[in-house]
Amino acid sequence: MQSRGRGTYRDAAGEQELRLAISRYLAFNRAVASNWEDVIVTQGAQHALDLIARVTLRPGDVAAIEDPGYPPARACLTAVGAKVVAVPVDAEGLIVSKLPKHARLVYVTPSHQFPLGMPMSLARRVELLEWAQQRDAVIIEDDYDCEYRFEGRPMEPLKSLDRTGLVAYVGTFSKTIFPELRVGYMVPPASLFDTLCKARQIGDWHGCSLTQTALSSFMLNGDFAKHLKRMHKLYAARRASLLAHLQGDLARWFEPIVPTAGIHMAALLKAPLTEAAVIEAARDESIALHGLAPFYVRATPQPGLVFGYGGIEAEQIDTALATLAKLLPRVESRT
Ligand SMILES: Cc1ncc(COP(=O)(O)O)c(C=O)c1O
């Protein structure tokens, strides 16, 4: 029997083959230039956010997040004792002029703002990079579901515009494969690389090398690219079904924020309907809907819903939204 040469601790940054596969994938798909040595494999994006927060923030430091935003990112920053400031977004993404002056770290989702879905404009990306450069702040770019693009030309990630090494680029396989895999990655600023690896080693030494080796084969032999192509078709059909309803029989009540990429879509509710009334009425028909309100911190919530289509068939979307269209006149008449 041939020995696999294992049975010892491995590199905290992850298996070399997987780091190489990720680096090639990022160069080809996201125009993010990296060498395999620049990539750190993590247990999902969440782990990457936690590691970056640990090594860049001290208790009392100011960190900024988008409002509305991704609650687990906020939790990571709060857990290390940072003073977390929620900064409003508009149609162009995070409003850079509203960032707190002394923020050490800024967390953003430029490709597909979570949860509203619009991309951050190029002007804002440049403004944010300049802002961070003047203060030597770190930017976390959470590129969590950029793989599925349905319209338009992909915008340059902050990482590929970053000339001074301030951006920690974070990605995940949770959306492209499944969250149980617990594999994500980051391409941090070079200045943070060694500290991040040390922090990883202190926490759990390294991830599962068997999973990482299997995933690297899946990527390097072309199966991952085939999988993405297949899923793209499925998600496009689900997105089309969702949009057909939101712009058709539901248009009286909803204003969708049509994203160019990603596997969820937000839609604002038109008055007089309230988020709570719609969610409750749908629940009575066994339709689970999710509101936007829980994602807001300081900004006044815009009433609306987030429709995820990663785990639901197009036919199910069709049935549920046709039921909702019949339901809403009754909800409206009660308000
Ligand atoms: C904004 C955002 N970032 C990251 C993730 C993925 O996190 P993880 O890789 O830890 O599963 C998600 C998943 O829903 C998300 O919505």
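How far from an oxygen atom of the ligand does a polar side-chain atom of K175 lie? The distance is 3.3 Å. The views below come from a predicted model.

**View 1. Polar side chains at the ligand.** K175 places a polar side-chain atom 3.3 Å from a ligand oxygen. For R182, a polar side-chain atom is 2.9 Å from an oxygen atom of the ligand. In the side chain of T172, an N or O atom sits 2.5 Å from a ligand oxygen. The ligand alone exposes 400 Å², and the protein buries 88% of that.

**View 2. The shell around the ligand.** Among the residues that surround the ligand are G44, A45, Q46, Y70, D142 and Y144. Helix α2 (residues 44-56) gives the largest share of this shell, three residues. By type, the shell holds five nonpolar, four polar and three charged residues.

**View 3. The pair Y9 and W205.** The model has ten aromatic pairs. In the pair of Y9 and W205, the ring centres are 4.1 Å apart and the planes meet at 15°, so the pair is stacked. Y9 lies in the segment before α1 (16-30), and W205 in the loop between α6 (193-204) and α7 (209-220), so the pair ties together parts 196 residues apart in sequence. Y9 is exposed, at 57% relative accessibility. W205 is partly exposed, at 35%.

**View 4. The pair Y148 and Y235.** These rings are edge-to-face, 4.7 Å centre to centre, with 80° between the planes. Y148 belongs to the loop between β6 (138-142) and α5 (158-161), and Y235 to helix α8 (residues 223-246), so the pair links parts 87 residues apart in sequence. Both Y148 and Y235 are buried.

**View 5. An aromatic cluster.** Y25, F173, Y185, F218 and F224 make up one cluster.

Conventions
Residues numbered from 1 in each chain as written. Predicted model: local features only at pLDDT ≥ 70, side-chain atom pairs only at ≥ 80, totals over all residues. Heavy atoms only, no water. Near = heavy atom within 4 Å. Polar contact = N/O pair within 3.5 Å; in protein donor to acceptor, adjacent residues only side chain to side chain. Areas by Shrake-Rupley, 256 points an atom, 1.4 Å probe, with all protein chains shown as cover. Helix = DSSP H or I, 4+ residues; strand = E, 2+ residues; numbered from the N terminus. Nonpolar A, V, L, I, M, F, W, Y, C, P; charged D, E, K, R; others polar. Phe/Tyr/Trp six-rings, centres within 6.5 Å; stacked < 30°, edge-to-face > 60°. Buried < 20%, exposed > 50% of the residue type's maximum accessible area, 1.4 Å probe, protein only.
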